[in-house]
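Please look over the chain shown below before reading on.

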Amino acid sequence: MPYDPNDERWREYHVTPRYLAGSTFTGDPALQPLLDAGWKLNHDEANVYVNAPDQTVRLGYLPEGDDNALWKITAYSDPFATPRWLVTFQDSTPIEIVQDFTTALAAAYTEGPGSYLYYGNSDLAALDVGTSLAAAGWSHRYGAADVSFESPDGLAEVHLRRNRLDHTAEMTGHQERWLMLAGPPGRQWYATASSFTPEGLVAAMNAALTDPAPVIRYGDDLRRLAPQATATPVKPPMPTPLDVRRAQAANARSTLVSSPAGARPFIPAPRPPSAPQVPRPGRSR
C-alpha cells in the first residue's frame, strides 16, 4: 500500500494505555537494540534469530513457531547447557513493550554476566521488581501461592508465583515465575519470565507495562484496537486538493452574503490557456 499522508489509514494517533495498543506486526523495533549492540542476526524462511557475541543469550522471533509465543529469549551459563532463564512475549504484545525489554537486555549484556545471567531468586528480590507496578497505582494482593498486581482499569495483571517450580517445565513454557496479562476478556496477550530471570530485566518488563507515555498507531490499526483504549490524533491531516476547493467555495459564499446590497463581487478574469507542456525525457506524465 503506497504511503499517502492524506489517507486516513496513515493518520498518526497517540494510543494509551500502551498495554491496550495491540501489535504492529513488525519485529524490527525490538530487534534493533540488540543489533546496535553487535549481536548477530540469522534467519530461515520465516523465523529470525539474534545471538549475543558469546552465544550465551539468544532471541527468537518466531512467526512460524510451535505456539503463539512470538518472542522467546533464553540465557545460558554455557552455550551447550539447558537455558538458565526464559522470557516470552505472545504475538499480540505491543512492540514497544518488547523493545523496552530488549533495550534493557542489551544494556545488561554490556555490563556483564552479573546483570544479564545471574539472579539470587530470593522472595525479597522478587517482590522488589514489582515496585514500578505499585508506583503506577496498581493494586496488589498477597496470597499463599502468589502475589498479584492489577492495573487501575482492571485490564492488566501481573502475577508472581511463590511456590516451587520445575526448571524443565519452565524452560519448555509449561510453568512460569512471572505472568503478565493485558487486554479485555477474550483479547488478552501475555508475557512470561521464568525463575532466575535477573531482577533488572523483570523490572524492565514491569516498567514497560506501566509506562504512561503514549505509543504511535495509525488509522488502519484502530480497527484492531481494544475499545477501552484512547486514541488521539497526533495532528490534523494535510488538506487534500478537494479540501482546498471546498474551503474556497465556502469562502466565496461567505463573501457574497456579506457584500453590500447592490454591490457586485469581484470576479477575476479567466487566465488565458497556457501552452501545452512537452513531457521531459525519462519522466511519465
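Predicted model: local features only at pLDDT ≥ 70, side-chain atom pairs only at ≥ 80, totals over all residues.

Residues are numbered from 1 along each chain as its sequence is written, and side-chain values use heavy atoms, with hydrogens and water left out.

**The chain as a whole**

- The protein chain has eight helices and 13 strands; helices (H or I, at least four residues) and strands (E, at least two) are DSSP runs, numbered from the N terminus.
- Of its 285 residues, 38% count as buried, where buried means under 20% relative accessible area, exposed over 50%, and partly exposed in between (1.4 Å probe, protein chains only).
- Among contacts in the protein chain with a separation of 6 or more, 56% come from residues 24 or more positions apart; contact means heavy atoms within 4.5 Å.

**Helix α2 and helix α7**

- Two packed helices are described by the angle between their axes and the distance between the axes.
- Helix α2 covers residues 95-111 and helix α7 covers residues 199-210; their axes come within 9 Å and cross at roughly 150°.
- That angle makes α2 roughly antiparallel to α7.
- Axes are lines fitted to C-alpha atoms, for helices over the stretch in contact, and angles run from 0 to 180 degrees between N-to-C directions.
- Angles under 35 degrees count as roughly parallel, over 145 as roughly antiparallel, 65 to 115 as roughly perpendicular and the rest as oblique.
- The residues that meet are I97, D100, F101, A104, L105 and A108 in α2, and L201, A204, M205, A208 and L209 in α7.
- By class, this contact of α2 with α7 has ten nonpolar residues, no polar ones and one charged one.
- Ala, Val, Leu, Ile, Met, Phe, Trp, Tyr, Cys and Pro count as nonpolar, Asp, Glu, Lys and Arg as charged, and the others, Gly among them, as polar.
- The twelve residues of α7 should span 16 Å at 1.5 Å a residue, and the end C-alpha atoms of α7 are 17 Å apart, which agrees.
- Buried residues of α7 include L201, V202, M205 and L209.
- A204, in helix α7, counts as buried because its relative accessibility is 15%.
- A204 and V129 are 75 residues apart in sequence, and their C-alpha atoms are 8.5 Å apart in space.

**Helix α1 and helix α2**

- Helix α1 (residues 28-36) has an axis that comes within 8 Å of that of α2, and the two cross at roughly 5°.
- The two helices are therefore roughly parallel to each other.
- P29, A30, P33 and L34 in α1 meet I95, V98, Q99, T102, T103, L105 and A106 in α2.
- This contact of α1 with α2 divides into eight nonpolar, three polar and no charged residues.
- The buried residues of α2 include I95, V98, F101, L105 and A108.
- G112 follows α2 and has a positive phi, near 125°.

**Loops and backbone angles**

- Most residues other than glycine have a negative phi, and most peptide bonds are trans.
- The peptide bond from T16 to P17 is cis, with omega near -15°, and P17 lies in the loop between β1 (12-16) and α1.
- F25, in the loop between β1 and α1, is not a glycine but has a positive phi of about 60°.
- At 59% relative accessibility, F25 counts as exposed.
- F196, in the loop between β11 (189-193) and α7, is not a glycine either and has a positive phi of about 75°.
- With a relative accessible area of 27%, F196 is partly exposed.

**A buried glutamate**

- E176 is in the loop between α6 (167-171) and β10 (178-182), and counts as buried because its relative accessibility is 14%.
- Leaving aside neighbours within four places in sequence, E176 is in contact with R161, L165, E170, T192 and A193.
- E176 and R161 are 15 residues apart in sequence and 7.7 Å apart in space, C-alpha to C-alpha.

Definitions and conventions
Expected span 1.5 Å × (residues − 1).
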